[in-house]
Amino acid sequence: MSIIAPSILSADFTKLGQELKDVETAGADWIHIDVMDGHFVPNISYGPIIVEACKKATSLILDVHLMIEKPDLMIPQFAKAGADLISVHAEACPHLHRTIQLIKSIECARYKNSENRANTNIKAGVALNPATPLSAVEWIIDEIDFILIMSVNPGFGGQTFIESTIQKIKELSAMIQNSGSNAIIQVDGGVGLETIGKIAEAGASSFVAGSAIFKTDDYKATIKMLRDKACLVDETLA
């Protein structure tokens, strides 16, 4: 399974609705929405109103990555706006278990009128900065749906992939296997045609790509090439 999640941080915001339609048509699986507050990271991006706009423009899963201080205060607003998945940074949560439980307690807006009431709450993830050890999630790994490994220092798009991330992904993959957790590994930062193969081989299955998609002329061809390179690893390991 390979999940390609274009990050709208690199999209053209003068035509965001069209950009979302284009990547959906091109075969993307999720839309990754990087929320920055100018405090936790040295940049400011957007808030719940953009998540709400994305929800109206695409049927894809909305993957909201909160790079903010005190995320508990904003989680309900992003949930109401239409987030399907919400990840928070371990570094920003003094009571991480409580924050994860808050996310998982909220019913996902996508399923409010669904007849299938099973497993309809928002999925919860924990993001780790490059220098943050895996021990930050060791004692809650059974509680989370995914772990987001940052392969650049968060705050800006278009950065170079940090090579030591590969070993970190491998060790996290082993930790997940040993714990019996169902969590998947997502990687964000410097993901592109040159790096996605080794990232997948290390154990990741969800790939956030911003510039690697939105800065190309053919989204469909790019997403296919990214998926092919990731899936080639899956076939090799099968």
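Helices (H or I, at least four residues) and strands (E, at least two) are DSSP runs, numbered from the N terminus. The model here is predicted: local features need pLDDT of at least 70, side-chain atom pairs count only at pLDDT 80 or more, and totals for chains, interfaces and linings use all residues. Residues are numbered from 1 along each chain as its sequence is written, and side-chain values use heavy atoms, with hydrogens and water left out.

Start at strand β1, residues 3–6. Both of its faces are covered. I3 and A5 lie on one side, I4 and P6 on the other, and all are buried. Buried means under 20% relative accessible area; exposed means over 50%, and partly exposed is in between (1.4 Å probe, protein chains only). Two strands pair if DSSP finds at least two bridges between them. The bridge partner of I4 in β8 is F207.

Next comes helix α1, residues 16–25. Its buried residues are L16, E19, L20 and V23. Seen down the helix axis, they fall within an arc of 100 degrees, so they line one face of α1. The arc is that of the directions from the helix axis to the C-beta atoms. An α-helix has 3.6 residues a turn, so residues three or four places apart point the same way. After α1 comes G27, with a positive phi near 110 degrees.

Strand β2 covers residues 30–36. 7 of its 7 residues are buried, so β2 is largely enclosed by the rest of the structure. W30, H32, D34 and M36 are on one side; I31, I33 and V35 are on the other. β2 pairs with strand β3, residues 61–67, in the parallel sense over 7 bridges. D34 stands opposite H65 in β3.

Look at α2 itself. I50, V51, C54 and A57 are its buried residues. They cover an arc of only 125 degrees around the axis, which puts them on the same side of α2. The face turned away from that buried side carries the exposed residues I49 and K56. The cover over the buried residues of α2 includes α1, β2, β3 and α3 (75–81).

The loop between β3 and α3 holds K70. Its phi is positive, near 50 degrees, in a residue other than glycine. Most residues other than glycine have a negative phi. At 60% relative accessibility, K70 counts as exposed.

D84 sits in the loop between α3 and β4 (85–89). Is D84 buried or exposed? At 6% relative accessibility, D84 counts as buried. The side chain of D84 makes a polar contact with the side chain of R110, at 2.7 Å. A polar contact is a pair of N or O atoms within 3.5 Å; within protein, one must be able to donate a hydrogen and the other to accept it, and residues adjacent in sequence count only if both atoms are side-chain atoms.

Now turn to the nonpolar interior. A nonpolar core is a set of buried Ala, Val, Leu, Ile, Met, Phe, Trp, Tyr and Cys residues joined through side-chain atoms within 4.5 Å. The largest core has 69 residues, of which I8, I33 and I86 touch the most other members. α6 gives the most to this core, with 5 residues. Apart from it lies another core of 6 residues, among them I3, A5, L85 and F146. In soluble globular proteins, nonpolar side chains tend to be buried together.

T165 is part of helix α6, residues 165–179. T165 is buried, with a relative accessible area of 4%. A polar atom of its side chain lies 2.8 Å from the backbone oxygen of I162. Leaving aside neighbours within four places in sequence, T165 is in contact (heavy atoms within 4.5 Å) with I149, M150 and S151.

Finish at helix α8, residues 211–214, where F214 is found. F214 is buried, with a relative accessible area of 6%. F214 and A11 are 203 residues apart in sequence, yet 5.6 Å apart in space, C-alpha to C-alpha. Not counting residues up to four places away in sequence, F214 touches residues including P6, I8, A11, E19 and V23.
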